Amino acid sequence: MKRIVVLNIVLCISFVLSAQKGLFPAQGTVMTYQNFDKKGKSVGKNVYLLESIADSGNKISVTYMVSSYDEKDKLTFSDRITMEQVGDKMYFDMSSFVNKAAFQQDGEIPASVIIEGNGMEIPVIGEASQTLPDADITITAEMGFISMKMATKITNRRIEAVEDITVPAGTFSCMKISGDVSGKAMGISTSGKNIQWYAAGVGMVKSESYDKKENLIGYTILTSLKK
């Protein structure tokens with residue numbers, strides 16, 4: 001239950017970073033992320049289709065159709081998410097991190113499920129040791145006779161390094177960003193750490209999640225990038 005209701009960073013992250021305005025992947029770009037458990041077993045995938053790019057001066061909005069699949073390659077949920085670049089910073093709604101398939105009823109998210117939070121900020125071009133603002137999300141849900149409230153915070157966010165990493169989709173120059181993750185759901189508190197690698201013009205390339213004892217919980221890698 002804890003794995004479902006707490007913020008699922010590993011399964012639901014992807015957004016575009018660009019070195020300068022107009023260098024987003026082209027409309028129609030498809031990015032596939034494979035998700036693995038701590039033992040390296042595949043537990044599903046997420047496919048991101050870049051549907052549209054809207055440029056309005058100092059702001060660029062990018063909309064993706066995100067499709068989630070389980071370990072048997074069965075579609076579990078689809079949702080549209082929009083990210084924004086304002087000046088030299090990227091912002092996106094923290095609700096993009098929620099495993100919404102856990103809340104769906106008849107293929108939709110009920111109106112009784114309310115997701116609130118601030119926009120996570122990522123610099124378009126960052127430097128090692130640079131600190132980043134905290135981010136948070138709160139979910140309240142009425143599921144039949146059950147009322148739930150879940151809250152997650154990502155603190156101590158910083159760019160640890162700028163380095164090259166290789167994944168099945170290729171080799172990329174990335175910002176390595178870490179953050180401490182803490183959450184509380186149904187009276188149960190959790191904590192851990194998340195590390196993500198972001199490449200300009202691509203987005204997230206790799207993500208790793210750890211528990212409070214710094215043991216690996218799972219990871220996600222970019223396996224395919226088709227433009």
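**Cavities and overall layout**

The structure holds two cavities of 30 Å³ or more; a cavity here is a set of points, on a 1 Å grid over the protein atoms alone, where a 1.4 Å probe fits but cannot get out, with grid points joined across faces, edges and corners and the volume taken as the space filled by probe spheres set on the points. This is a predicted model, in which local features need pLDDT of at least 70 and side-chain atom pairs count only at pLDDT 80 or more, while totals for chains, interfaces and linings use all residues. Residues are numbered from 1 along each chain as its sequence is written, and side-chain values use heavy atoms, with hydrogens and water left out.

The protein has one helix and 13 strands, where helices (H or I, at least four residues) and strands (E, at least two) are DSSP runs numbered from the N terminus. Of the 227 residues in the protein, 45% are buried; buried means under 20% relative accessible area, exposed over 50%, and partly exposed in between, with a 1.4 Å probe and protein chains only. Among contacts (heavy atoms within 4.5 Å) between residues at least 6 apart in sequence, 52% join residues at least 24 apart.

**Stop 1: the second largest cavity**

Select Ile154, Arg157, Gly179, Asn194 and Gln196, which of the ten lining residues lie nearest the centre of the second largest cavity; lining residues have an atom within 4 Å of a point. The volume of this second largest cavity is about 70 Å³. Which strands each supply at least two residues of its lining? They are strand S7 (119–123), strand S9 (146–167), strand S10 (170–185) and strand S11 (188–199), and the largest share, three residues, comes from S10. By class, the lining has five nonpolar, four polar and one charged residues, where Ala, Val, Leu, Ile, Met, Phe, Trp, Tyr, Cys and Pro count as nonpolar, Asp, Glu, Lys and Arg as charged, and the others, Gly among them, as polar.

**Stop 2**

Next, follow S11 into S12, a pair that is antiparallel over eight bridges, with Trp197 opposite Lys206 in S12. Their hairpin has three residues between the strands, and Gly201 takes a positive phi near 80° there.

**Stop 3**

Select strand S1 (residues 30–37) and strand S2 (residues 42–56), which pair in the antiparallel sense over seven bridges. Phe36 has Ser42 in S2 as its bridge partner, and the hairpin has four residues between the strands, with Gly40 in the turn at a positive phi of about 85°. S2 also pairs with strand S3 (residues 59–69), in the antiparallel sense over eleven bridges. Here Ser56 stands opposite Lys59 in S3, and Gly57, in the turn of a hairpin with two residues between the strands, has a positive phi of about 80°.

**Stop 4: two buried serines**

Select Ser61 in strand S3, which counts as buried because its relative accessibility is 16%. Leaving out residues up to four places away in sequence, Ser61 touches Ser52, Ile53, Ala54, Thr82, Met83 and Glu84. Then select Ser224 in strand S13 (residues 216–226), which at 18% relative accessibility also counts as buried. With the same exclusion of residues up to four places away, Ser224 touches Val30, Met31, Thr32 and Ala169.

**Stop 5: loop residues**

Ser129 is found in the loop between S7 and S8, and its phi is near 80°, a positive value in a residue other than glycine. Finish at Glu214, in the loop between strand S12 (203–211) and S13, which has a positive phi of about 65° although it is not a glycine and is exposed, with a relative accessible area of 62%.

Technical notes. 1 Å grid on protein atoms, 1.4 Å probe; cavity = no way out; pocket = protein on both sides within 12 Å on 5 of 7 lines; lining within 4 Å. Pairing = 2+ DSSP bridges.
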